[in-house]
Amino acid sequence: MALSVLICDDSLLARKQVRKSLPDDLDAEFFTASNGREALEVLQQQEIGLVFLDLTMPELDGIGVLEQIRLRQLDCFVVVVSADIQPEMQRRVNELGALAFVQKPVSADKLSGLLKQYGLV
């Protein structure tokens, strides 16, 4: 059964880079969102197993998405992908249940390692 993956970032280039950095042999169905509100819509409509989530976005930021995932008790793994690597922000996303925090730009090795570490591949 394919893994359902949501890539949420307001930058089309960043969304493409995350997708390109994932293993070629990953059996997955991909969804995208350009802001947090779109991400929540996808999460309500689809059974998503893994979310790659930017923090700084219009309409609803990544922290807001994480809060809503927790509030709505949505069952998915979240990997935050952000250039905002301040320790306080990393602590906050971990408190909200993010699986990992990856600094932009993402690397294929880092994402592959995370997927293996958490048994997603």
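Phe101 counts as buried because its relative accessibility is 16%, where buried means under 20% relative accessible area, exposed over 50% and partly exposed in between, using a 1.4 Å probe on protein chains only. Phe101 sits in strand β5; strands here are DSSP runs of E with at least two residues, helices are runs of H or I with at least four, and both are numbered from the N terminus. This is a predicted model, where local features need pLDDT of at least 70, side-chain atom pairs count only at pLDDT 80 or more, and totals for chains, interfaces and linings use all residues. Residues are numbered from 1 along each chain as its sequence is written, and side-chain values use heavy atoms, with hydrogens and water left out.

**Two residues up close**

- Setting aside neighbours within four places in sequence, Phe101 is in contact with Leu55, Val80, Ser82, Asp84, Ile85, Met89, Gln90 and Val93, contact being heavy atoms within 4.5 Å.
- Gln90 is eleven residues from Phe101 along the chain, and the C-alpha atoms of the two are separated by 6.7 Å.
- Over in helix α3 we find Arg70, which counts as partly exposed because its relative accessibility is 49%.
- Not counting residues up to four places away in sequence, Arg70 touches Glu95, Leu96 and Gly97.
- Arg70 and Asp54 are 16 residues apart along the chain, with 17 Å between their C-alpha atoms.

- Strand β1 (residues 3-8) has six of its six residues buried, so the rest of the structure largely encloses it.
- Both of its faces are covered: Leu3, Val5 and Ile7 are buried on one side of β1, and Ser4, Leu6 and Cys8 on the other.
- β1 runs parallel to strand β2 (residues 28-33), and six bridges join the two; strands count as paired if DSSP finds at least two bridges between them.
- Within that pairing, Leu3 stands opposite Ala28 of β2.
- β1 also runs parallel to strand β3 (residues 50-53), this time with four bridges, and Leu6 has Val51 of β3 as its bridge partner.
- Take β1, helix α1 (residues 12-21) and β2 together and you get a right-handed β-α-β unit; right-handed means that, with the strands pointing away from the viewer, the path from the first strand over the helix to the second runs clockwise.

**Strand β3**

- β3 is covered on both faces too, with Leu50 and Phe52 buried on one side and Val51 and Leu53 on the other.
- Four bridges tie β3 to β4, and these strands run parallel; Phe52 has Val79 of β4 as its bridge partner.
- Another right-handed β-α-β unit is made by β3, helix α3 (residues 62-71) and β4.

- In helix α2 (residues 36-45), the buried residues are Gly36, Ala39, Leu40, Val42 and Leu43.
- Looking down the axis of α2, those buried residues fall within an arc of 160°, so they line one face of the helix; the arc is that of the directions from the helix axis to the C-beta atoms.
- The buried residues of α2 pack against β1, β2, β3 and α3.
- Helix α5 (residues 108-117) has Leu111, Ser112, Leu114 and Leu115 buried.
- Down the axis of α5, its buried residues fall within an arc of 160°, so they line one face of this helix.
- The face of α5 turned away from that buried side carries the exposed residues Asp109, Lys116 and Gln117.
- Cover for the buried residues of α5 includes α1, β3, β4 (77-82) and β5 (100-103).
- After α5 comes Gly119, with a positive phi near 70°.

**The largest pocket**

- The largest pocket has a volume of about 240 Å³; a pocket is an open set of points on a 1 Å grid over the protein atoms alone, with protein on both sides within 12 Å along at least five of seven lines.
- Grid points are joined across faces, edges and corners, and the volume is the space filled by probe spheres set on them.
- Its lining has 14 residues, of which Ser4, Gln46, Glu47, Ile48 and Gly49 lie nearest the centre; lining residues have an atom within 4 Å of a point.
- β1 and β2 each supply at least two residues of the lining of this pocket.

Key: 1 Å grid on protein atoms, 1.4 Å probe; cavity = no way out; pocket = protein on both sides within 12 Å on 5 of 7 lines; lining within 4 Å.
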